[in-house]
Amino acid sequence: MGSSAAWHLASRGEQVTVFEQFPPGHDRGSSHGSSRIFRLAYPDPFYISLAVRALPLWHRLEEETGRRVLERTGALDHGPATATSALHDALRAAGRPSELLTPPQAAERWPGLRADTTALFHPEAGRLHADHAVAAFQQAARQGGARIRHGVKVTRLSVRGERAEVVTEGEEAVIADAVVVAVGGWAPSRLSGLVPGLPPMRVTQEQPVHFPAPDALGWPSFIHHPGAGLPADSGGIYGLGSDDGVKVGFHGVGPVVDPDHRDRTADPRALGRVQQYASRWLPGVDHTAPAATTCLYTTTPDHNFVIDRAGPLTVLAGFSGHGFKFASVIGALAADLVGGASAPSRFALGPPRAS
Ligand SMILES: Cc1cc2nc3c(=O)[nH]c(=O)nc-3n(C[C@H](O)[C@H](O)[C@H](O)COP(=O)(O)OP(=O)(O)OC[C@H]3O[C@@H](n4cnc5c(N)ncnc54)[C@H](O)[C@@H]3O)c2cc1C
């Protein structure tokens, strides 16, 4: 999110420096790896329109950098009819294509996965390559004149009147007219007490699993909604094909962690649950050869993001396990805020938040 903000700010002529504590391509936060789902399908028209805004910005990023970050694969949602029909109605109301399918129709088109009860396909979804996208944001930001400084940790952040001061681990101090704070799982510890109206956020370690599949890159992304064949309290399953196989994960079920002191090794019980799922619902993968990875979710109580400004600080936080698809437009919203615009009320700091 910070790299996208740097791109948009630099392309609007601002002088930009990015401080990132880890090296390029690191895997300690939320944005690493070869895949994230891009989809328009949300039951809520607000998020559909945000994804619609994100789409041309992903294409602009590709044009400016010559890097491919988004592949169109389509997406399959399946599970109880209430879930699929709500998505179908919302997509149709927004004028976007989608089609309802029976499980046998879905199985005929995608024999690698079994659909539960009802299915919905929407063709405008796709796969974002997360590592390539972050690298592309940084390349585009650099092309616009931004400085990207990896391996530089910010240890102090303070407001000094209308400006803000950033102090690094090496005691370098920088005074800026505006600071965009996009620190992922470090937001609760870094921002509490500094930014009024920040909602509480849970930082959890999630554990998606890659399974080998002969045609992984040909898979649509998929979401198995709970409430029919999947227990209502399971959080739901998401998955998609990637360079590393078919990625599968339960949504937002991991343990609360401290991002600086977490065990990044796979939890065998959580791995077993995903394997069990794959053996039942994903006949197209080799469920006996899993490769688990870990990643951070930073989740707000209502799962809406925090994108707002408090004096010279613009906060991008709480992306609640579904932010990546919007990253291209979130940087633009951040640049709007820095330029004096106000935040969409959905993302505003301080209660009450519109839902
Ligand atoms: C397993 C998993 C699957 C997901 N799948 C999807 C999906 O399919 N589709 C989707 O839309 N979203 C998905 N998401 C969510 C999405 O990936 C996140 O919402 C998004 O990556 C959050 O980005 P961020 O910039 O907020 O955090 P991060 O990428 O973690 O970036 C924060 C950065 O701040 C740096 N930082 C922190 N503190 C300091 C400091 N003091 N000084 C300097 N640097 C600092 C960190 O090192 C880090 O690089 C998924 C997330 C996970 C974990």
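Start at the ligand and select the residues around it: there are 30, and Glu20, His26, Ser31, Ile37 and Cys295 come nearest (a residue counts as near if one of its heavy atoms lies within 4 Å of the molecule). Before you zoom in, know that this is a predicted model, where local features need pLDDT of at least 70, side-chain atom pairs count only at pLDDT 80 or more, and totals for chains, interfaces and linings use all residues. Residues are numbered from 1 along each chain as its sequence is written, and side-chain values use heavy atoms, with hydrogens and water left out.

Now click on Ser31. An N or O atom in its side chain sits 2.4 Å from an oxygen atom of the ligand. Next, pick Met1, where a backbone N or O atom lies 3.1 Å from a ligand oxygen. Then hop to His322, which has a backbone N or O atom 3.2 Å from an oxygen atom of the ligand. How much of the ligand does the protein cover? It covers 94% of the 1,000 Å² of accessible area that the ligand has on its own (areas by the Shrake-Rupley method with a 1.4 Å probe).

Colour β1 (17-20), β2 (36-38) and β19 (295-299) next: these elements each give two or more residues to the shell around the ligand. β19 has the largest share, with three. (Strands are DSSP runs of E, at least two residues; helices are runs of H or I, at least four.)

Move on to the second largest pocket, with about 320 Å³ of space. Of its 17 lining residues, select Gln205, Gln207, Pro255, Asp267 and Ala270, the closest to its centre. (On a 1 Å grid over the protein atoms alone, a pocket is an open set of points where a 1.4 Å probe fits, with protein on both sides within 12 Å along at least five of seven lines; lining residues have an atom within 4 Å of a point.) Show β13 (202-206), β17 (245-250) and α7 (268-281), which each supply at least two lining residues. Which element gives the most? That is α7, with three residues.

Finally, zoom out. The protein chain has eight helices and 21 strands. Its C-alpha atoms fill a box of roughly 65 × 45 × 40 Å, taken along the principal axes.

Notes
Grid points are joined across faces, edges and corners, and a volume is the space filled by probe spheres set on the points. A polar contact is a pair of N or O atoms within 3.5 Å; within protein, one must be able to donate a hydrogen and the other to accept it, and residues adjacent in sequence count only if both atoms are side-chain atoms.
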